[in-house]
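Please load the model in your viewer and keep the selection tool at hand. The stops below go from one element to the next.

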Amino acid sequence: MSGVTGTDDVREVIVIGSGPAGYTAALYTARAELKPLVFGGAIFVGGALTTTTEVENFPGFPEGIDGPDLMQNMRAQAERFGAEIVEDDVVSVDLAGDIKTVTDTAGTVHHAKAVIVATGSGYRKLGLPNEDALSGRGVSWCATCDGFFFRDRDIVVVGGGDTAMEEATFLTRFARSVTVVHRRSTLRASQVMQNRAFANDKISFAFDSEIAEIKEKNGMLGGVVLRDVFTGKTRDLDVSGLFIAIGHDPRTELFKGQLDLDEDSRAPARPMIGEPVVAEAPAPSVSVADSSSRAWRTVATVGLPQCSPLAGMLFVMWMTGMKSAIRSSLSRTSPSERTRYRALCIGRSYSRSPCLSSSRSHSASVR
């Protein structure tokens, strides 16, 4: 692998992940001349947005922008200031001690004074028999990746959020029909996404329903069984494609036992012990730039001035000994907000609105 760090070299900062959170953290640390090493992943470099179509809720693009183009722009911007992006996975980390270690797939151990965790999230599964076995054989989590293979076929999409509506709408370019299966009586998607789906003649809805069984036929998807969540009554649905869009789970397996994670494997906000503690220890050496908020997990919140970039900015202050700058920054927040800072900074929004630039970041802790 080219450009790897020698085992004797100690980096100022390593960023794990290359989605919007990873790239923004890389940008801010690179502009501070900390020369971040970014592990972007071996497969989906740029994160989940590289598998999406048009992104309409990221500021600065009134006509929208394709997900892959947006992520390529973010990467180029970080690289312009000196970020080194390696297309490889991280297999283990050791976050204890002053010098952290990060091991890649080749077994090379990289050392750094600080680590930013931006591993994002992965597709959530239904947990049904045949789901994994039929992956790529009719079952998919990515319409833009696999939709082309279902031309003139009947397809089912599971989910009720924006992702599900986007998947369903995109799939109508190829499919004969798309049935959206949702376990509730109303959708959770934004109104604009709902309107588009309802207005599409190819899309129908099965509300208050769930997938009870995934059928297999000759090694391929052979249809699904729907179950009414209230009556328990089932019915067969003859489809060739099953696209699952029921949410995401944080990719924090690497950090179990080293970061305090909640029951959902996220790094939650934790109250600090008191203002003097923050004043004396103003910034972390491990920061979680995503995998934190349950409420706001959109690209728009990652790019706000006080979201993911905060992880990078606090590192810059920490590296340069700017304790007074961080104390000043915290002093301008409300007492309730100050209690949300601790030893580790979370660079994602927890505000009531993902569009408010006053949204704050939160803390986690290293054991």
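**A walk through sheet and helices**

Begin by selecting strand 8 (residues 100-104) together with strand 9 (residues 109-112), which pair in the antiparallel sense over 4 bridges; two strands count as paired if DSSP finds at least two bridges between them, and helices (H or I, at least four residues) and strands (E, at least two) are DSSP runs numbered from the N terminus. This is a predicted model, in which local features need pLDDT of at least 70 and side-chain atom pairs count only at pLDDT 80 or more, whereas totals for chains, interfaces and linings use all residues. Residues are numbered from 1 along each chain as its sequence is written, and side-chain values use heavy atoms, with hydrogens and water left out.

Next pick Thr 103, which stands opposite Val 109 in strand 9. Widening the selection shows an open sheet of 4 strands in the order 1-9-8-7, with mixed pairing, whose edge strands, strand 1 (10-11) and strand 7 (90-94), each pair on one side only.

Move on to helix 2 (residues 67-80), where Gly 67, Leu 70, Met 71, Met 74, Arg 75 and Ala 78 are buried, that is, under 20% relative accessible area with a 1.4 Å probe and protein chains only. Viewed down the axis of helix 2, these buried residues fall within an arc of 135 degrees (taken from the directions from the helix axis to the C-beta atoms), so they line one face of the helix. Gly 82, which follows helix 2, has a positive phi, near 110 degrees.

Finally select helix 5 (residues 191-198), whose buried residues are Met 193, Gln 194 and Ala 197. Down the axis of helix 5 they fall within an arc of 100 degrees, so they line one face of the helix.

Technical notes:
Buried means under 20% relative accessible area, exposed over 50%, partly exposed in between (1.4 Å probe, protein chains only).
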